[in-house]
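Hi there,

Here is the structure I promised to pass along. Have a look at it first, and then read on for what turned up.

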Amino acid sequence: MLKSSFAKVLFLVTLISSWAFADCMSCHKGIEDIRHQDSDMMQQIKALGAGVGDPAGCTICHGGNVKATTKKMAHKGAPNHPGGLEAFVRDPGSYWIMDKTCGICHADTVANMKKALMATEAGKIQGNLHTWGSEDTQKVKFANYDVKDKDGKTPAWGTDTYKKYMVSMIDKYPDQFPTELKQLPLPPQSSDDLMEKSDKEIGYHASITYQRSDCQRCHIGVRGRKGRGDWRGMGCSACHIPYGNEGIYEGNDPTINKKEHGHLLVHEIQATRDAKVHVPTTGVTFSGIHPETCNSCHNRGKRIGVSYMGMMEQPYGSPLMPGGKAQSKTHGKRYTHLKSDIHFKAGMTCQDCHTSIDMHGDGTLFGTTLGQVEIECSDCHGTTKKFPWELNIGYGEKNLAVNAPKGPRGLAKKLPTYMEKGMVYDPQGGYLLTTRGNPLGNVVKAKDSNKVIAHLASGKDLLVPVLKTKHIKKSFNSKDAEVAMDTIQAHMDKLECYACHSSWAPQCYGCHVKVDYRKGKSKIDWIASGSTHFKNGETSESVLGTKGKKQIGKASETRSYTEWEDPILGINGEGLVTPIMPSCQVTFTVIGPNGKTLILNKQARVHDNGHIVDAIDMSPVQPHTTAKKARTCESCHSSQKALGYGKKDPMIDQDKNVKIDLQNLATGKFASSHATVQMEAIPGMDFGWSQVVTRDGKQLANVGSHWPASRPLDQNMREKMERTGVCMGCHQNMTNKELWKKVNITPGILTDKNHIKRVNQIFHNSVKK
């Protein structure tokens with residue numbers, strides 16, 4: 001027995017001693033290399049590691065002590081770390097330590113990221129406070145954390161053309177490009193903060209409570225909601241580390257629990273085409289950042305991520321799953337599958353269109369998405385009159401294109417330094433440029449033709465449809481397409497491409513928010529949770545099993561109804577016709593600490609384009625549901641909904657209490673003394689949710705809360721567009737046989753195609769006479 005025990009002790013001593021001369025692989029044997037051994041990135045990590053006695057390079061990202069003799073000591077400290085890391089870190093990409101890890105090689109990217117929208121969420125905060133009436137201004141003031149733009153207006157990234165273009169835009173729109181943002185104010189700290197306050201003060205407190213708990217979980221300073229479809233890392237890891245929707249690890253590290261939810265899919269980076277991710281359990285290899293990674297955040301608000309993949313949320317559990325169970329929730333919702341975006345069907349990830357600046361920023365402090373995103377559809381597709389390289393800088397941005405240089409934008413032969421850290425493709429005939437003047441590093445003109453090739457992160461190379469080529473070859477997909485794009489120039493001059501080519505848009509009408517301050521009611525405060533962070537990069541909510549910082553008051557949401565068909569049209573911040581969709585159509589109710597209803601079904605009133613309107617925002621949007629076949633002429637020109645007048649069967653009497661019970665129908669009096677209100681009134685809302693303007697031009701609802709130009713369609717535009725009832729021009733004469741003989745037409749039942757042909761014939765006959 002003694003001999004056996006002695007042998008065990010000797011074995012353990014030998015094993016522990018070996019750890020000092022081995023490395024992290026003593027425990028993590030089999031774990032995947034973060035990048036391929038031959039990649040430049042891996043070589044640099046190893047070189048840095050060798051300098052601190054860690055030839056595998058693990059400590060460069062994770063810290064820790066490679067020479068420790070116990071697990072506890074190995075995961076303690078970070079001696080001689082080249083980035084100044086002070087502790088072992090689970091998530092090296094964490095926002096709170098990324099400057100010490102990823103920033104060793106990517107310092108400029110990390111610096112830009114701290115001022116970009118994924119970190120600040122400045123536009124979301126401003127838009128939400130606006131719809132509550134808490135900040136009746138388009139000036140952007142707040143972010144998740146205090147941040148300043150200390151290096152002036154000129155962007156850190158971009159070509160000279162881009163930098164001049166952006167400085168001019170910033171000068172024109174200072175409210176949308178702040179120089180400093182303060183952290184969103186604190187919510188109520190005690191029930192006393194709500195006592196003897198005005199409705200406006202109570203509404204302000206409620207808006208902050210709601211914002212911090214229900215809207216801010218997606219910023220990269222926190223790990224966010226832990227659940228199916230929402231597992232992710234923080235900071236750089238939020239996008240660049242793959243997580244499956246179930247959060248199950250499927251790699252070969254023996255120390256990671258393969259049944260526990262909340263882990264990365266494999267220990268490999270997802271990025272560009274040359275960064276391959278290998279999943280041992282399925283044998284699948286992929287590259288690029290799949291849109292479902294983006295969807296861990298982009299499933300609320302404008303919902304562009306899930307819409308891109310053809311997913312529209314629904315309240316039902318159908319179709320049922322095996323065993324009769326309801327459909328599982330993803331991102332906290334159930335879905336119905338609609339038409340996915342044509343780009344997704346072609347194998348395109350979000351990054352195939354969206355540039356590094358779109359994602360990481362350029363060093364400028366942006367207040368809205370429209371300010372940070374630098375691309376337009378025409379950057380790749382051109383117009384029917386011009387190839388992409390023949391377009392001028394600023395084409396497609398109209399109001400934002402301040403002092404844009406004249407003449408063709410041309411092509412680029414070389415990439416800026418910041419783009420050379422990614423995948424570099426052969427320029428062939430030249431890299432196409434964004435409308436703001438930066439190269440699209442993955443989209444090139446063919447060497448000896450006018451073809452355009454897009455190199456996708458997934459590994460595919462696509463031939464991009466170019467509109468001028470279709471014009472030259474007369475190869476439009478249909479006569480409708482030719483007329484809409486090539487004949488009616490006003491469409492090209494005044495409309496966003498996606499005003500017609502978006503096949504649907506998620507429309508969630510009426511966001512009814514209850515904020516309940518009764519004792520015991522609380523919810524996580526995502527900003528406070530991120531503000532509470534530690535040397536190891538973790539926050540108060542990031543580790544599995546932790547719940548973060550709670551705040552007083554619990555917000556909850558419901559809605560009036562949803563639909564997806566034929567979105568309304570309006571004007572966006574660029575001054576172009578665009579789809580608009582319900583954004584924050586907040587109708588709020590506040591319950592006080594004693595259970596008393598302090599505010600019931602209130603909608604704020606705000607200033608918009610010189611009008612005082614309901615703050616239920618209809619937001620300009622690129623729905624990300626692009627289809628080859630555009631919406632029909634009738635869906636705009638014969639639709640009162642599309643024009644902003646609301647649906648033909650609008651919800652009425654919303655400003656009145658509605659009772660349902662037995663009554664004297666002659667007098668309207670209810671027979672029962674117990675008749676109660678079925679639907680409580682929404683004071684002041686005597687119009688439908690989808691209506692934004694009246695026919696005589698009275699604006700009813702807010703359209704866009706960020707840019708001065710956003711608004712409903714102008715009166716003269718609506719009057720020019722609307723063609724409802726024009727069928728009577730011909731059909732009032734259907735029984736006049738003599739008239740039809742004069743125009744040489746035989747009336748009868750016609751197909752759509754023949755109908756168009758006959759009307760065209762009548763037109764030409766009238767010209768001849």
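A residue counts as buried when its relative accessible area is under 20%. Please keep in mind that this is a predicted model.

By that cut-off, 48% of the 769 residues of the protein chain are buried. The chain has 28 helices and 25 strands, and its C-alpha atoms fill a box of roughly 120 × 80 × 60 Å along the principal axes.

Now to the charges. The whole structure holds 33 salt bridges. One of them joins Asp-461 to Arg-273, with the closest N and O atoms 2.7 Å apart. Asp-461 sits in strand E11 and Arg-273 in the loop between helix H11 and strand E4, so this pair ties together parts 188 residues apart in sequence. Arg-273 is buried at 14% relative accessibility, while Asp-461 is partly exposed at 46%.

Another salt bridge brings Lys-641 and Glu-563 together at 2.6 Å, N to O. Here helix H24 provides Lys-641 and strand E15 provides Glu-563, 78 residues apart. Lys-641 is buried, with a relative accessible area of 9%, and Glu-563 is buried too, at 6%.

Strand E15 also holds Lys-554, which is partly exposed at 38%. Together with Lys-514, Lys-521, Lys-547 and Lys-550, Lys-554 forms a positive surface patch. Elsewhere, Lys-115, Asp-149 and Asp-151 are linked in a network of salt bridges.

Enjoy exploring!

Best wishes

Key
Residues numbered from 1 in each chain as written. Predicted model: local features only at pLDDT ≥ 70, side-chain atom pairs only at ≥ 80, totals over all residues. Heavy atoms only, no water. Patch = residues over 30% accessible without salt bridge, like charges linked within 9 Å, V, L, I, M, F, W, Y side chains within 5 Å. Areas by Shrake-Rupley, 256 points an atom, 1.4 Å probe, with all protein chains shown as cover. Salt bridge = Lys/Arg side-chain N within 4 Å of Asp/Glu carboxyl O. Lys, Arg positive; Asp, Glu negative; His and termini not counted. Charge placed at Lys NZ, Arg CZ, Asp CG, Glu CD. Helix = DSSP H or I, 4+ residues; strand = E, 2+ residues; numbered from the N terminus. Buried < 20%, exposed > 50% of the residue type's maximum accessible area, 1.4 Å probe, protein only.
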